[in-house]
Amino acid sequence: MSSYFENITIPSEHISNVFGQFDKNIKNLEKAYHVAVVARGDTLRIVGSEGNVRRAVSVINQMIELSKNGNVISEQNINYAVTLSKTGEEQEIVELDKGVICHTVGGKPVKAKTLGQKRYVEAIDKDMIVFGIGPAGTGKTYLAMAKAITAFKSGEVNRIILTRPAIEAGEKLGFLPGDLQSKVDPYLRPLYDALYEIMGAESFMKNMESGLIEVAPLAYMRGRTLDNAYIVLDEAQNTTPAQMKMFLTRIGYGSKAIITGDLSQKDLPKDTPSGLEIAVKVLAKIEEISMIYFTSDDVVRHPLVQKIVNAYEAYESRGNKHREPDGQAKKGDFTRKS
């Protein structure tokens, strides 16, 4: 290993946060850059090749700034900063931290954590219809819910409508016990969970009972015109082309629609085309519609989830799956628009 080194001072109150539990964060940094980090009091000495040491120092500086802003430094922060450092964009980590969408009922700020998420949020602010397409764990649905609740609370829209197709792995609604609401609730549970966390159960139930918030299967949208509403269609890869067309033509004046989905996780019957897959082709040239594509770099769940996504992408790229649709994003392609 080269003898090049740099020293960096960390304020004592931020050392444990930057290092992480059992020094996990620093160990990940050492592994990523093939450097050695030696702590002497509040001073760190980073030893390795000059380029890697400089990149490691830059990432540590960004983590210190995040810590000063009151954030708990996670493995996701470290891993994403390392990814951004490959193109010299690691300083974007601190810029992302400045944009708070809303706060959960427990006071936790909801923010975009990756550049892909930032572009998604910006597209939602700008356009009437936004498609968020990509793997699990990239925050597509959660951020859409956060924006919907924020718009509702500020009076930008009169109501929130959350929907998803009631299609899962081989089960039929009629096989589930209970009344209709009991039958559809399991399919809509992820939407309820996000609402409870951001809005609080009591506020959610109050607004739902008054009809200001509606959580319903996609079939309920037929025949309706939705004005002055924030509409989120989740799991859109499980819509048929007819269902997707039906949904998109329900949108009225003063409304905004967010459509989220993962084209690699379709539960439709074999040989049934996905409405999401068709829509990204049909609507690609309409300027008022944004298509935002997420990649594994945008995964904000446990780091293992990112590894799983990458492993499946590598497996499928070796010809173990049907050809990807034309609308599927390539790695790093976040949006259709400039």
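How many of the residues of strand S6 (residues 129-133) are buried? In this predicted model, the strand is mostly covered, with 5 of its 5 residues buried. Ile129, Phe131 and Ile133 point one way from S6, while Val130 and Gly132 point the other way, and all of them are buried. On one pairing, S6 runs parallel to strand S10 (residues 256-261), to which 5 bridges join it; here Ile133 stands opposite Gly261. Another 5 bridges join S6 to strand S11 (residues 289-293), again in parallel, and in that pairing Phe131 has Met291 as its bridge partner.

The mean pLDDT of the protein chain is 84, and 87% of its residues reach 70 or more. Where pLDDT is low, the predicted coordinates should not be read in detail.

The largest nonpolar core has 33 residues, of which Tyr120, Leu162, Leu195, Val215, Tyr230 and Ile258 touch the most other members. At least two residues of this core come from each of strand S4 (100-103), helix H6 (115-126), helix H7 (140-153), S7, helix H8 (180-199), strand S8 (213-217) and S9. H7 gives the most, with 8 residues. A second, separate core holds 28 residues, including Val18, Leu29, Ala81 and Ile93. In soluble globular proteins, nonpolar side chains tend to be buried together.

Tyr120 links several of these parts of the chain. Beyond its neighbours within four places in sequence, Tyr120 is in contact with Val130 and Gly132, as well as with Gly139, Lys140, Leu143, Ala144, Ile258, Thr260, Ile292 and Phe294. Val130 and Gly132 are the residues that point the other way from Ile129, Phe131 and Ile133 in S6.

Helix H10 (residues 241-248) has Met244, Met246, Phe247 and Leu248 as its buried residues. Their cover includes S6, strand S7 (159-164), strand S9 (229-233), S10 and H11.

The loop between S10 and helix H11 (275-282) contains Ser274. Ser274 counts as buried because its relative accessible area is 0%, and the cut-off for that term is under 20%. A polar atom of the Ser274 side chain lies 3.2 Å from the backbone nitrogen of Leu276. Leaving out residues up to four places away in sequence, Ser274 touches Ala236, Gln237, Thr239, Pro241, Leu263, Lys266 and Leu268.

Is Asn17 buried or exposed? With 17% relative accessibility, Asn17 counts as buried, since the term applies under 20%. Setting aside residues up to four places away in sequence, Asn17 touches Asn25, Ser67, Asn71, Val72 and Ile73. Asn17 and Leu66 are 49 residues apart in sequence, yet their C-alpha atoms are 9.8 Å apart in space.

Conventions. Residues numbered from 1 in each chain as written. Predicted model: local features only at pLDDT ≥ 70, side-chain atom pairs only at ≥ 80, totals over all residues. Heavy atoms only, no water. Buried < 20%, exposed > 50% of the residue type's maximum accessible area, 1.4 Å probe, protein only. Helix = DSSP H or I, 4+ residues; strand = E, 2+ residues; numbered from the N terminus. Pairing = 2+ DSSP bridges. Polar contact = N/O pair within 3.5 Å; in protein donor to acceptor, adjacent residues only side chain to side chain. Contact = heavy atoms within 4.5 Å. Core = buried A, V, L, I, M, F, W, Y, C linked by side-chain atoms within 4.5 Å. pLDDT = per-residue confidence, 0-100.
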